Amino acid sequence: LRILRGLLDSGFQVRLLCIGNVAGSNPDYHQRLRRLASDLRLSGFVEWTGPIPSPEVSRRLQSVDLFLALHRTGITARSTAVAAALAHALPIVTTRGPDADRWLLESGAFVFIDTNDLPGAVGAVGELLRDAAAREAYGRKALALYREHLCWEKIGEQFLDAVSPSCGSC
């Protein structure tokens, strides 16, 4: 939310789309976010979808320019939100952290920011918003990463490789 405020203060015409059931999954966190949004005068610039069906999630993801995955613990493939953003070929701005998956960190598919450096984070997101070619390039890398590691076909192959030695002629 602070990055959004910084972008608005820098003249960007942006909105933040928060997809999912934040209120239901973590009501205290959602309340803090809403309070912060109010304190930062972000009324009209943040949309909270709440729980929505998968096709609607996909439609909404197709309408955004980039995806923010700002986890204090770092980017991980265990995040279904990150997997969805990769599948939709979205450029992803994210963080490094102690739980980050090394293969994601080394993939070259992400723009990394330090959330403790607000001016730097606003600058990095702003640069990406200004540069359509960079967004497209990161989006292509995101989709390639998804196809190489996270699509159902790849997961099925990995599962069969893992169980084949133990089940003989499966």
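**Arginine 5**

I started with a polar contact: a polar atom of the arginine 5 side chain lies 3.0 Å from the backbone oxygen of arginine 41. (A polar contact is a pair of N or O atoms within 3.5 Å; within protein, one must be able to donate a hydrogen and the other to accept it, and residues adjacent in sequence count only if both atoms are side-chain atoms.) This is a predicted model, where local features need pLDDT of at least 70, side-chain atom pairs count only at pLDDT 80 or more, and totals for chains, interfaces and linings use all residues. Residues are numbered from 1 along each chain as its sequence is written, and side-chain values use heavy atoms, with hydrogens and water left out.

I placed arginine 5 in helix H1 (helices are DSSP runs of H or I, at least four residues, and strands are runs of E, at least two, numbered from the N terminus). Is arginine 5 buried or exposed? Arginine 5 counts as buried because its relative accessibility is 14% (buried is under 20% relative accessible area, exposed over 50%, partly exposed in between, with a 1.4 Å probe and protein chains only). Not counting residues up to four places away in sequence, I found arginine 5 touching Leu40, Arg41 and Leu42 (contact means heavy atoms within 4.5 Å).

**Alanine 87**

I then looked up alanine 87, which sits in helix H5 (residues 80-87). Alanine 87 counts as partly exposed, at 30% relative accessibility. Leaving out residues up to four places away in sequence, alanine 87 touches Leu143 and Tyr146.
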